[in-house]
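Please look over the structure shown here.

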Amino acid sequence: MTEFRVWAPRPERVRLDVEGALHPMTQSDDGWWRAEVDTAPDARYGYVLDDDPTVLPDPRSPRQPDGVHARSQLWQPDPDAWRDGSWAGRSIEGAVIYELHVGTFTPEGTFDSAIGRLDHLVDLGVDFVELMPVNAFGGTHGWGYDGVLWYAVHEPYGGPDGLVRLVNACHERGLGVLIDAVFNHLGPSGNYMPRFGPYLSSGSNPWGESINISGPDADEVRRHIIDCALRWMREFHADGLRLDAVHALVDTTAIHILEELSAETDALAVELGRPLSLIAESDLNDPRLITPRDRGGLGMTAQWDDDIHHAIHSAVSGERQGYYRDFGTLEALAVTLRNGYFHAGTYSSFRHRRHGRPLDTATIPATRLLAYTLTHDQVGNRAVGDRPSQNLTFGQLAVKAALALGSPYTAMLFMGEEWGSSSPFQFFSSHPEPELARATAEGRKREFAEHGWDADEIPDPQDPQTFLRSKLVWDELGDGEHARLLSTYKALIALRRTEPDLADPWLDHLRVDYDEQRRWIVMHRGAVAIACNLGADPVEVPVGGRLLLAWGEPAVSAESTRLDGHSFAIVKS
């Protein structure tokens, strides 16, 4: 017998449909409906609410073989499928993480095809693969942030069994796996959850209605979120999660949902006997997010740090529009590298108010912040999805890499950046509903037209070519400057492991010198110095020693280093 359970306090009657046969369900005082049915372990099922004959998928569906509008399917991981018993796991702190989108990482866009490229990641030297959302969402392809059935795995990628194979393959190669989880909103296509219960609040965020995590009946919604998070780590052996836009989780309760999730994740880590990490995306610059719970914080392992990205990108590229307007100078870059946050209780001209809070660099290590030169957001949310590699020289790309990978922060790469991929990463979707598809395309054009872009230049998210253009072109790896940049990335990552000074996580030990006019900056990490020339003209930098790694042909003496334009040198005294 199989027990079916669904939380549905809103309808007055709920019936279970199993393979087309209806079964009555019994409601408890807690709003849960239950029924026991003798059925196959892979049976298709769903729920019928009140007098509407439509069979709806299970809000906790383990599998959606026919898409988010169809019946759910029973699924349990096969214990014999796992081969990662020797995987001991590791924390993400100080690691190198590789963010990828399954659908565009390979031509086939599946979990199994991604396995064929894992040896490239091992050779590159990364420690973790971070998968952009793999939960079930409407359509065949998209970014995945508009998921509606959070417990299920997107079928076109290979479904839950495909994800098991990918995690297995990663662990067998010594790679950890992180999964991007979105709990701040629900997508517009296939969102039937509000028909079951009060999953949504009266508030809203940029992506739609907010999730009810502190209003009436919020306890079960919170449980829905936490159980989903734990499922990825327990049943799919993920080593942690990246939590999308946690600043959009409006929680007015005494125990924030992130604190609650942190505590339960730590308990699961003890149960499983391996480390589990939670990485939060937040634009609040609030160190309480990454402060341990026993010191009054929320207990996240780490957080994305967009200030570091903005400081590096704007200083190298010269872009100063939008949220880059406070950045661009070497002073801003130096302040950010030294302090973790640029805005730390200081005025943000983009927000027109004070922003952030200072990081206690004596107690919070730099490894709790992620440094990166680009992410899916920083590429895909540009009007035409252009990468820095489409606008900068290879020398400028190398300088950006040296600043991020040479810093004391946990590092993250976005797929293809290691060779300067020429493919854009554009915003794409495949909503099956014509009206929603049209609204998405028109909204995208309207949004960027308001910022001065020609609407005709904005890619149509629904055009299949927008998706296909965003796929990596792996044939570039062996070409000239692409291969040279890849070699540089490998060497930078290797230095993080072989030079003890580069493993020091304390910002109080970091010194940064710079010359605004001559456009050079130096990060001092103990006896190691990362010297970068962001300008086009050669410069003499007052740091010397033994050359460890360089882009260009620096002239290094005991006291100084001459750098070509758009180049770097790492020296050791």
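**Questions on a predicted model**

Reader: Is G565 buried, exposed or partly exposed?
Author: Buried means under 20% relative accessible area, exposed over 50%, and partly exposed in between, with a 1.4 Å probe and protein chains only. G565 has 23% relative accessibility. G565 therefore counts as partly exposed.

Reader: What kind of model is this, and how are residues numbered?
Author: This is a predicted model, where local features need pLDDT of at least 70, side-chain atom pairs count only at pLDDT 80 or more, and totals for chains, interfaces and linings use all residues. Side-chain values use heavy atoms, leaving out hydrogens and water, and residues are numbered from 1 along each chain as its sequence is written.

Reader: Where does G565 lie, and which residues does G565 contact beyond its neighbours within four places in sequence?
Author: Helices (H or I, at least four residues) and strands (E, at least two) are DSSP runs, numbered from the N terminus. G565 sits in the loop between β28 (561–563) and β29 (567–572). Contact means heavy atoms within 4.5 Å. With neighbours within four places in sequence set aside, the partners of G565 are N533, G535, A536, D537 and P538.

Reader: What separates the C-alpha atoms of G565 and Q396?
Author: Along the chain, G565 and Q396 are 169 residues apart.

Reader: How is the chain divided, and what separates the centres of domain 1 and domain 3?
Author: Domain bounds come from an automatic or database domain assignment. The domains are domain 1 (2–56), domain 2 (94–498) and domain 3 (511–572). Taken over C-alpha atoms, the centres of domain 1 and domain 3 are separated by 67 Å.

Reader: Which residues does UniProt list for "active site"?
Author: UniProt positions are given in the numbering used here, feature names are shortened, and annotations may be inferred rather than shown by experiment. The entry is unreviewed.

Reader: Is D244 buried or exposed, and where is its place?
Author: The place of D244 is in the loop between β15 (240–243) and α7 (257–272). Its contacts beyond four places in sequence include Y145, D180 and E281. At 8% relative accessibility, D244 counts as buried.

Reader: And E281: buried or exposed?
Author: E281 is in the loop between β16 (277–280) and β17 (302–304). Not counting residues up to four places away in sequence, E281 touches D244, H247, W304 and D377, among others. Its relative accessibility is 11%, so E281 counts as buried.

Reader: How many disulfides does a search of the whole structure find?
Author: A disulfide is a pair of cysteine sulfur atoms within 2.5 Å. The sulfur of C170 has its closest cysteine sulfur in C228, 19 Å away, too far for a bond. C170 is buried at 1% relative accessibility, and C228 is buried at 0%. The search of the whole structure finds a count of zero.

Reader: Which helix gives the largest share of the lining of the second largest pocket?
Author: β1 (2–7), β6 (44–49) and α6 (218–234) each supply at least two lining residues. The largest share, five residues, comes from α6.
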